[in-house]
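The sequence and the structure are shown first.

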Amino acid sequence: MSLLDIRSLNKTYAGRGRTVEALRDITFSLDAGELVCLVGPSGCGKTTLLKCVSGLLDPTGGEVRLKGRPISGPPPGMAVVFQEYGRSLFAWMTVRQNVALPLRRKKLGKARQTELVERALDVVGLGDTHDAYPWQLSGGMQQRVAIARAVAYEPEVLLMDEPFAAVDAQTRADLEDLVRRLWRDLGVTVLFVTHDIDEAVYLGQRTIVLSSSPTVVREDLRIDLPDARDQLHTRSAPRFAELRARVYEQIQRAKRERHPDPGAEAVTTRP
Ligand code: ADP
Ligand code: MG
């Protein structure tokens, strides 16, 4: 049995006089301990999908199951890291307080809580900034705080929604490697959403390619690169280029099929 099952998921937003079908029919699953990337053009429904998976949004049809149990509302074993770290951290709380916040829900003893917070800040390389405030830190450091907060919570499933879209390229590369390291060391199951094709190939064991809106799964591609990855060698490997081209092609084709104007939606690749 898989850990996370997404079955025939549909989400249609109904507003005043306007309905938007964001997700048409999404089915895939994750085994325990997998690192899977979801890639698709901007506006295709990635955030909608993650919100449904995390129980923050009710789907219109279909269901999400965690260990066989249907999800209704945020389940205790999941943590989410959002794109907008600036808005997900509280400016009036120190780094330590921000990371400790979700642990309140777990009702742990003080000593255990401190231990989890300190360890999480250590793993993300922020061991000496416990008493700083988020606004005193760079963008990359703030995103590390958001990751530490998720890690401290010891989730079974970690969902990440374009977490590095707003940081510079060098920081982004470092954070990508941090995610790979955390995944390996903690044995957590990761679903990582991105619109960056290179990132999707570099990070994952599988890359699920989504179509333009309303979204369906176009391809579920096994990333058969060696497990030991690094920015220099992995990205210059011929197989990396092949996989990247394959994903790129799928997304371009999806856009042509659904949008008469091929420039209608943006997907980024790195030069
Ligand atoms: P992505 O994360 O891939 O950029 P989103 O999931 O944010 O895409 O959005 C998918 C589609 O759903 C878009 O057309 C967007 O305008 C629409 N949408 C997202 N949130 C809402 C909402 N709360 N109400 C109505 N439409 C929405
Ligand atoms: Mg989004």
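Helices, in the sense used here, are DSSP runs of H or I with at least four residues, strands are runs of E with at least two, and both are numbered from the N terminus. A residue belongs to the surroundings of a molecule if one of its heavy atoms lies within 4 Å of it. The model discussed below is predicted.

**Ligand site**

Which element supplies the largest share of the shell around ligand 1? That element is α1, with 3 residues. The helix α1 spans 46-53, and both α1 and the strand β2 (19-30) supply at least two residues of the shell. The residues around ligand 1 are Tyr13, Val20, Ala22, Pro41, Ser42, Gly43, Cys44, Gly45, Lys46, Thr47 and Thr48. By class, the shell comprises 5 nonpolar residues, 5 polar residues and 1 charged residue.

| Residue | Protein atom | Distance to an oxygen atom of ligand 1 |
|---|---|---|
| Gly43 | backbone N or O | 2.7 Å |
| Cys44 | backbone N or O | 3.2 Å |
| Thr48 | side-chain N or O | 2.5 Å |

Taken alone, ligand 1 exposes 560 Å², of which the protein buries 60%.

**Domain arrangement**

The protein is divided into two domains. Taken over C-alpha atoms, the centres of domain 1 and domain 2 are separated by 25 Å. At the interface, 17 residues of domain 1 are in contact with 11 residues of domain 2. Between them the two domains bury about 1200 Å², and 67% of this area is on carbon and sulfur atoms.

**Backbone features**

Most peptide bonds are trans, and most residues other than glycine have a negative phi.

Where does the cis peptide bond lie that has an omega of about -10°? This bond joins Ser213 and Pro214. Pro214 is located in the loop between the strands β9 (206-210) and β10 (215-222).

The other place is Lys67, which is not a glycine and yet has a positive phi of about 50°. Lys67 is also a loop residue, lying between β4 (61-66) and β5 (69-70).

Notes
Residues are numbered from 1 along each chain as its sequence is written. Chains are lettered from A and ligands numbered from 1 in the order in which they are written. This is a predicted model: local features need pLDDT of at least 70, side-chain atom pairs count only at pLDDT 80 or more; totals for chains, interfaces and linings use all residues. Side-chain values use heavy atoms; hydrogens and water are left out. A polar contact is a pair of N or O atoms within 3.5 Å; within protein, one must be able to donate a hydrogen and the other to accept it, and residues adjacent in sequence count only if both atoms are side-chain atoms. Accessible areas come from the Shrake-Rupley method with a 1.4 Å probe; for residues, only the protein chains shown count as cover. Ala, Val, Leu, Ile, Met, Phe, Trp, Tyr, Cys and Pro count as nonpolar, Asp, Glu, Lys and Arg as charged, and the others, Gly among them, as polar. Domain bounds come from an automatic or database domain assignment. Contact means heavy atoms within 4.5 Å. Buried area is the accessible area (1.4 Å probe) that two parts lose on being put together, summed over both.
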